Amino acid sequence: MYQGVYGSSKKHDADLDQVIKRAFQSGLDKIIITAGTHNETIQALELCSKYENLYTTCGYHPTRCSEFNESNENEILNQIFELCEKNSEKIVAIGEFGLDYERTQFCNIEQQKRYFEFQLKHLISLNKPLFLHNRAASQDLYDILYKYRDQITKGGVIHSFDGTLDEALQFIQLGYFIGLNGCSMKTQTNLDVIKQLPLDKILVETDAPWCGIKPSHTSYSHIKTQFTSETVKKEKWASGKMVKDRNEPCTIIQICEVIHSIRGNQESFEDLCEKIYFNTKQLFFSNQ
Ligand SMILES: [Zn+2]
């Protein structure tokens with residue numbers, strides 16, 4: 001990621017370090033990288049070792065659950081436990097894991113459900129918040145979370161939320177935060193849901209690099225901060241430049257701007273950001 005490669009063709013030099021520096025310079029305090037396999041967590045930890053305020057997650061994404069089978073499931077579980085125990089400061093959440101019924105070509109529903117529950121049941125004992133993925137699977141995800149509600153002590157976030165208001169409120173009632181990014185605010189229907197969410201249950205994320213706010217999205221008209229002068233097409237990339245249509249962490253301010261605008265400026269922009277920052281610390285960094 002951020003290696004200058006698009007599809008299979010190399011367009012420019014790797015600029016991951018610049019992306020991270022730009023994020024911290026723009027005022028971000030901490031960043032959580034989301035990993036979706038054991039190997040991704042190992043890669044993320046390498047990056048975390050270079051930057052004090054980078055953190056990561058540990059677990060298997062629903063589209064990667066085909067890697068589990070009856071003969072290796074305990075071995076994979078032990079690998080996750082070992083990583084989490086050795087890196088307990090840097091691994092701040094379990095996940096991302098959950099259910100994705102829009103991409104069953106990578107892993108069928110039955111296997112997804114089985115191994116989401118398998119991970120949840122065993123990894124709860126690590127006592128970390130849950131970073132949850134949900135696509136068109138709210139009811140099944142809810143049912144499994146509900147089943148383990150008494151053992152889940154740290155709560156979690158339903159990230160990149162794009163469901164209905166009823167679904168959001170169900171998760172909130174069960175103690176979860178709702179994570180919003182560019183993919184959560186593409187349509188007017190999305191915005192109507194976000195408008196009605198309680199601010200003390202909202203988290204923001206960029207889910208970079210694919211989930212940026214695009215001119216075709218309804219949310220676009222609510223953005224104030226543009227990065228026009230810093231952004232070039234990938235073919236024209238130069239050191240220090242952002243790339244058109246490639247999202248990165250410093251754009252998180254736009255997510256806050258959209259939420260602020262659609263809430264009708266109920267509070268000052270600073271108060272809104274402060275509140276969301278507090279929510280994030282409460283969920284992921286309560287012991288710091
Ligand atoms: Zn996800």
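This is a predicted model: local features need pLDDT of at least 70, side-chain atom pairs count only at pLDDT 80 or more; totals for chains, interfaces and linings use all residues.

1. The distances and accessibilities quoted here are computed from its atoms.

2. How many disulfides does the structure hold? The count is 1. The partners are Cys183 and Cys211, with 1.8 Å between their sulfur atoms. The torsion about the S-S bond is -95 degrees, which makes the link of Cys183 and Cys211 left-handed.

3. This pair links distant parts of the chain, 28 residues apart. Cys183 sits in the loop between strand E8 (176-180) and helix H7 (188-195). Cys211 is in the loop between strand E9 (202-204) and strand E10 (231-232). Cys183 counts as buried because its relative accessibility is 15%, and the cut-off for buried is under 20%. Cys211 is likewise buried, its relative accessible area being 9%.

4. Cys48 is in no disulfide, and the nearest cysteine sulfur, that of Cys58, is 11 Å away. With a relative accessibility of 2%, Cys48 counts as buried. Cys84 is in no disulfide either: the nearest cysteine sulfur is again that of Cys58, at 4.0 Å. Why is this pair not listed as a disulfide? Because the sulfur atoms would have to be within 2.5 Å, and those of Cys84 and Cys58 are 4.0 Å apart. Cys84 is also buried, at 2% relative accessibility.

5. Is Asn181 buried or exposed? Asn181 is buried, with a relative accessibility of 0%. This residue lies in the loop between E8 and H7, the loop that also holds Cys183. The side chain of Asn181 makes a polar contact with the side chain of Glu205, at 3.2 Å. Leaving aside residues up to four places away in sequence, Asn181 touches Ser160, Glu205, Thr206, Asp207, Cys211 and Ile255. One of these, Cys211, is a partner in the disulfide.

Terms used: Residues are numbered from 1 along each chain as its sequence is written. Side-chain values use heavy atoms; hydrogens and water are left out. Helices (H or I, at least four residues) and strands (E, at least two) are DSSP runs, numbered from the N terminus. Buried means under 20% relative accessible area, exposed over 50%, partly exposed in between (1.4 Å probe, protein chains only). A polar contact is a pair of N or O atoms within 3.5 Å; within protein, one must be able to donate a hydrogen and the other to accept it, and residues adjacent in sequence count only if both atoms are side-chain atoms. Contact means heavy atoms within 4.5 Å.
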